[in-house]
Amino acid sequence: MKYRGRVVALCIVILFNILRYCYYNIYLGYLFEKSFFILTGIFLLVAWIGGRQYDVAKFYAEKDPLTNAYNRRTIDKVFRKQISQYSNQRKKIGVVLIDLDDFKNINDTFGHQTGDELLRQVAELIMSNAKKEDYVVRWGGDEFVHVILDLKEDTLSDYVRCLRSKLSNLDIESVNVVSASMGIAVYPDDGETFEALIQKADTSMYEMKKA
């Protein structure tokens with residue numbers, strides 16, 4: 001969770017109190033009183049609490065609370081922004097669609113707690129393999145999307161192989177082997193909108209399943 005709301009709120013209160021000091025103590029010539037510091041402390045506390053409420057609300061508006069991955073609504077907005085930046089730079093964006101195999105069966109057999117733990121660990125694994133500027137999205141119940149910014153040539157196939165290997169090594173109680181089906185797409189080669197890229201990645205995933 002970021003601190004932007006708290007920082008902005010505290011800065012506003014500090015600026016307000018500087019102006020308050022200048023007006024009452026310098027312009028009007030009033031002497032310092034204990035109440036000035038008490039009120040300043042109260043204002044700062046209220047600003048911190050209010051700013052934190054903003055940060056929490058913004059966090060849950062952008063993130064999936066279970067996995068800490070971004071949600072679908074956020075990535076749609078972010079992707080449009082990235083395309084506007086990349087369109088004139090000839091940079092590429094990779095989209096990897098990751099669909100956990102047999103997730104419904106795991107949920108039904110071992111319970112939702114095991115299923116939730118599996119989702120959390122998979123999300124953590126994908127994020128640990130992502131660059132700082134990348135986006136990891138919970139796309140559906142058992143689906144994730146990894147948006148790889150500034151994609152280097154011919155790296156997606158290696159990424160998929162590496163991720164599959166790491167997924168198989170996850171240690172989830174009661175689950176023997178974790179595996180996933182994956183599909184890939186590249187901007188702008190396979191499409192210029194996020195919807196087109198997801199569709200291409202989905203098609204690619206089902207082609208890989210049939211192979």
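**A close look at the rings**

Reply: Start with Tyr21, which sits in helix H1 (residues 4-27). (Helices, H or I of at least four residues, and strands, E of at least two, are DSSP runs numbered from the N terminus.) The model is predicted: local features need pLDDT of at least 70, side-chain atom pairs 80 or more, while totals for chains, interfaces and linings use all residues. Residues are numbered from 1 along each chain as its sequence is written, and side-chain values use heavy atoms, without hydrogens or water.

Tyr21 is partly exposed, at 29% relative accessible area (buried is under 20%, exposed over 50%, partly exposed in between, with a 1.4 Å probe and protein chains only). Its C-alpha atom is 8.5 Å from that of Phe36, 15 residues away along the chain.

Now the ring pairs. The whole structure has 4 aromatic pairs (Phe, Tyr or six-membered Trp ring centres within 6.5 Å; planes under 30 degrees apart are stacked, over 60 edge-to-face, the rest tilted). Phe79 and Tyr187 pair edge-to-face, with centres 6.4 Å apart and planes at 85 degrees. Phe79 is in helix H3 (residues 72-86) and Tyr187 in strand S4 (residues 180-187), 108 residues apart. Both are buried.

Phe79 also pairs with Phe194: centres 4.8 Å apart, planes at 50 degrees, so this pair is tilted. Phe194 lies in helix H7 (residues 194-210), so the pair ties together parts 115 residues apart in sequence. Phe79 is buried at 2% relative accessibility, and Phe194 is buried at 4%.

Phe79, Trp139, Tyr187 and Phe194 form one aromatic cluster. Arg72 lies over the face of Trp139, 3.8 Å from the ring centre (Lys NZ or Arg CZ within 6 Å of the centre and within 35 degrees of the ring normal). Lys63 lies over the face of Tyr70, at 4.7 Å.
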